[in-house]
Amino acid sequence: MGEILSVITNPAETVRSLTESKRLLEEARREIEENRERAQIRPKHTFSRLPGFFPRKAEMTAIERALAGEPSFTVVFGASSVGKTALLREVLSNPKYHVLHFDLRIAGFADLGSLYQSLSQQMEQYFEEIAKQMEGYEDFEKEAWSFKHDRLNVEKRTMDSQNGNGSNGKVKTSDIARLMELFQSSLLKYWEFKPETSQDDHSKSRHGANTRRKNSQETTSSQTRVGTPNDASRNNVGKKSRWNFFRSGRFKRWSSHKTKSAATENTREVPEKEEERTIPDKKIPVIFFDEAHKLPALIQSSDTMKCLLDSMLVLTKQDRLCHVIHATSDPFYQTWLRQLNVMQHCKIVTIGDCSKSETRTYYRDHILPNVPGHLRQSLVFERLYEAFGGKLAHWHDYINDYINSNGTLDIKQSSHFLQAHALLNLHIIHSSQSDNGSQDSKDKARQAAGSPTSRHTNAESLHPALGPAGFKIYSPLNRPPSSLAVLNDGFAGLGSELSRYLKTHYSDSSRAVFPTSAPSNSAEFTAMHLLKVMSRITQPGNISLPYFLLCREIGVREVDGMVKGKVLDLRWTD
Ligand SMILES: Nc1ncnc2c1ncn2[C@@H]1O[C@H](COP(=O)(O)OP(=O)(O)O)[C@@H](O)[C@H]1O
Ligand SMILES: [Mg+2]
């Protein structure tokens, strides 16, 4: 009665509210439409090969060996641009793997929240693919839903707090813990699961395992189903009974998977033979963190970090459910993993530069064919190798620039060469400045700056305005970035050695531009140390020096300083 009355008494207001309702309805419709679209453009995580990948047999074998057998936690070390990502892409693009990929270099990973989002989305997608692509696994769609709903709950909570309702605005350690647990239990179901098919019935009766005989008699794969109400009532253990558990030991399951995988790899999607159709091959999940040393800076809480790493240990070493791979260009990442009691359980793979003969083959087959004929004759392999060694990325970049400059760019003007040269000079000058006034080493440093390897230029001409002392402008320690304070707090509980390490390793973005070896105002090594190491390492046939021996000779702080300053590349071997 009141409503009708208000129409009569206030027609303008009614029209307004009707218009408003219409607008809300339209908005809702648009939102639904947008959501529908969004659902269709799921993030793509198909892991594809690097186009023009040059196979490196030894390294590929090492990675494949680490991934063979039971699921494990592998840390792949190797200097920047050495080809870690390229190799892992190659190996992991094998259809037997499903990769959950996190490239921590990309801006998408700004904080814990974005990491949670991506983890959850990729886990959902993994189970969604299982449900869609594997016969008999349709019910795994529910596993996918559990990730989506967990995410929606977290999103709702953070939205609510942004709107002023409550204070739990951020993704918390408990969210990560719950998500990883969800993944663990879903994977447990997946590995224990055995779809019921005609073939299964056949093999079950053959093995005498007929306790879970099916009620229905369907024989075609399209009718294969995971569980029925009958299954549920028979097992009478609630929701879980919808899954049929495959009661062999997990190791047995894993090894049987291994032997089958080769045979059914290519026939998985469109199975042709009856026996291959009935036992679909299980894809092995691989959680791959690229540039993993950025995790601490991203997560900023030792509790959350510990929780994430511990759950990865549970997934690998304890439950053998999936592989975890961390790739890093920071050789000291292992110190940190060791502090958190993780490294002890990891396999190590170290990637180095290509050998000379590999580089020659790469040059012949992948580089030269792209160089226009008239520019080829001034390229000499030996000269190029002297400058770029076995770093394919550097070869690739130089040749590109060489072609673009129509053959006028000299090797020593190439950006990688100049960078390496400038870096060395800066270190020599910086370390000689803080050399406690030792005239001898200053002289040596000056000599080095003008030595034959730097014919073209020296530090002054490269950085005329900078001057030797100017190097300090770029030191993070004179002007600590704001993130340093955050990190200090975040890692307060981790012990002084570790937080010192984190400070020098993870807090400063300018390090990427001007790496510094100095945690205090003095250099960690002197020009003498640097020259000693350089003269040893440039001797013919001496491409590497043993780390521990060198540490004993000139000191751990000094050697580590050179590694942190990217003067030396440190490789861990098994
Ligand atoms: N095996 C390879 N075949 C072809 N190109 C390669 C190979 N390895 C590395 N590269 C080149 O080097 C670049 C850097 O390699 P990447 O795998 O990203 O190094 P990392 O991950 O170790 O930093 C690639 O973009 C590619 O151009
Ligand atoms: Mg990489």
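**The sheet and the helices around it**

Tutor: In helix H13 (residues 302-318), the buried residues are Ser302, Thr304, Met305, Cys307, Leu308, Leu309, Ser311, Met312, Leu313, Leu315 and Thr316. Buried here means under 20% relative accessible area, with exposed over 50% and partly exposed in between, for a 1.4 Å probe and protein chains only. Helices (H or I, at least four residues) and strands (E, at least two) are DSSP runs, numbered from the N terminus. This is a predicted model, in which local features need pLDDT of at least 70 and side-chain atom pairs count only at pLDDT 80 or more, while totals for chains, interfaces and linings use all residues. Residues are numbered from 1 along each chain as its sequence is written, chains are lettered from A and ligands numbered from 1 in the order in which they are written, and side-chain values use heavy atoms, with hydrogens and water left out.

Just after H13, Arg320 has a positive phi of about 55°.

H13 lies across S1, strand S3 (284-290) and S4, and runs at about 130° to S4. Contact means heavy atoms within 4.5 Å. Axes are lines fitted to C-alpha atoms, for helices over the stretch in contact, and angles run from 0 to 180 degrees between N-to-C directions.

The sheet itself is open and has five strands in the order S2-S3-S4-S1-S5, with parallel pairing. Strand S2 (97-103) and strand S5 (346-350) are at the edges with a single partner strand each, so one side of each has no neighbour in the sheet. On average, neighbouring strands of this sheet are turned by 20° against each other, direction ignored. Two strands pair if DSSP finds at least two bridges between them. Strand S1 (residues 73-77) is joined to S5 by five bridges, and the two run parallel. Val76 has Val349 in S5 as its bridge partner.

Cys346 is buried, at a relative accessible area of 14%. The structure holds zero disulfides, a disulfide being a pair of cysteine sulfur atoms within 2.5 Å. Helix H3 (residues 57-67) lies across S1, S2, S4 and S5, and its direction is at about 170° to S5.

Apart from its neighbours within four places in sequence, Ser329 touches Gly78, Ala79, Ser80, Lys84, Glu291 and His293.

For comparison, here is a pair of helices. The axes of helix H26 (residues 547-554) and helix H27 (residues 556-564) come within 7 Å and cross at roughly 125°. That makes H26 oblique to H27, since angles under 35 degrees count as roughly parallel, over 145 as roughly antiparallel, 65 to 115 as roughly perpendicular and the rest as oblique. Tyr547, Leu550, Cys551 and Ile554 of H26 meet Val556, Glu558, Val559, Asp560 and Met562 of H27. The residues of this contact comprise seven nonpolar, no polar and two charged. Ala, Val, Leu, Ile, Met, Phe, Trp, Tyr, Cys and Pro count as nonpolar, Asp, Glu, Lys and Arg as charged, and the others, Gly among them, as polar. H27 is mostly covered, with seven of its nine residues buried. After H27 comes Lys566, with a positive phi near 60°.
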